[in-house]
Amino acid sequence: MQAVAVGQPIQTDATVFAELYPSLRAFAAVTGSVDVEPDDLVQEAVARTLRSHRLVDLDDAGAYLRRAIVNLAANRRRSMARWRLAVARLDRVDEAQAAHYASDLDDLRRLAPDARALLFMVEVEGCSYAEAADVLGISEEAARTRGARARRQLRADLEGVTDE
C-alpha cells in the first residue's frame, strides 16, 4: 500500500489511465497496423495488464503498457501475415493502371511494429534511445542499430531502391 501525503490526490487505476491515454493512443496508432484501431490496441493492453496488475502498482505504467502494445501489434502482424498474402493474391491489380499515391504513412507501415514504435518514441516523442530501449525490452545499442536499419529501409523505400 502506498502512503499518500496530505493534500495529494489518491492515484487510482482510472486516473493513471486517464493521464496516459492520449500518449498511448498516439503510440498505438503508429505502432499498430492499418487494420487495427489504436483504441483497440490500448484497450487490449490495459485489459491484459489489469488481469495481473493494478496500474498504480507498476513502477512505470506507461512503459509497461507501451511494451504490451508493441507485443500485441507484433502478434497481430504475425497472425495476419498469411491472410494478407492470400488476399493479395486474390486482389491483384495491375499497378501500372491503378492510380497509386504513396504516403509517408504507407512507407512507415512497411516497418515492423517494434521499428515503428522505436522511431515514434525517438523522433516524435523525443525519447532517448535508452528510454526507448527500456520500453521495448532491448539494449540501447540494439535500439540504435534498429533505428539505423529502419531509417535506411525508409530511405530506400522513399527513393525506390530495394535491397534485393
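Student: Which residue takes a positive phi just after H6?
Tutor: This is a predicted model, in which local features need pLDDT of at least 70 and side-chain atom pairs count only at pLDDT 80 or more, while totals for chains, interfaces and linings use all residues. Residues are numbered from 1 along each chain as its sequence is written, and side-chain values use heavy atoms, with hydrogens and water left out. Helix H6 spans residues 129-136. Just after H6, a positive phi of about 75° is taken by Gly 137.

Student: Which residues of helix H6 are buried, and around what arc do they lie?
Tutor: The buried residues (under 20% relative accessible area; exposed is over 50% and partly exposed in between, with a 1.4 Å probe and protein chains only) are Tyr 129, Ala 132, Ala 133, Val 135 and Leu 136. They lie on the same side of H6, because the arc that they cover around the axis, taken from the directions to the C-beta atoms, is only 160°.

Student: What pattern does the protein chain follow along the sequence?
Tutor: The protein chain has seven helices and zero strands, as DSSP runs numbered from the N terminus (H or I of at least four residues for helices, E of at least two for strands). Of its 164 residues, 33% are buried. Read along the sequence, the pattern is α-α-α-α-α-α-α.

Student: How many residues apart in sequence are the parts tied together by Arg 25 and Asp 39?
Tutor: The side chains of Arg 25 and Asp 39 meet in a salt bridge at 2.9 Å, N to O, the term meaning a side-chain nitrogen of Lys or Arg within 4 Å of a carboxyl oxygen of Asp or Glu. Arg 25 lies in helix H1 and Asp 39 in helix H2, so the separation in sequence of the parts tied together is 14 residues.

Student: Which helices hold Arg 151 and Glu 123?
Tutor: A salt bridge joins the side chains of Arg 151 and Glu 123, with an N to O distance of 2.3 Å. The pair ties together parts that are 28 residues apart in sequence, because Arg 151 and Glu 123 lie respectively in helices H7 (residues 140-159) and H5 (residues 113-124).

Student: What is the relative accessibility of Arg 144, which forms a salt bridge with Glu 140?
Tutor: The closest N and O atoms of Glu 140 and Arg 144 are 3.0 Å apart. The two residues are four residues apart in helix H7, so about one helical turn separates Glu 140 from Arg 144. Glu 140 is partly exposed at 35%. Arg 144 also counts as partly exposed, its relative accessibility being 45%.
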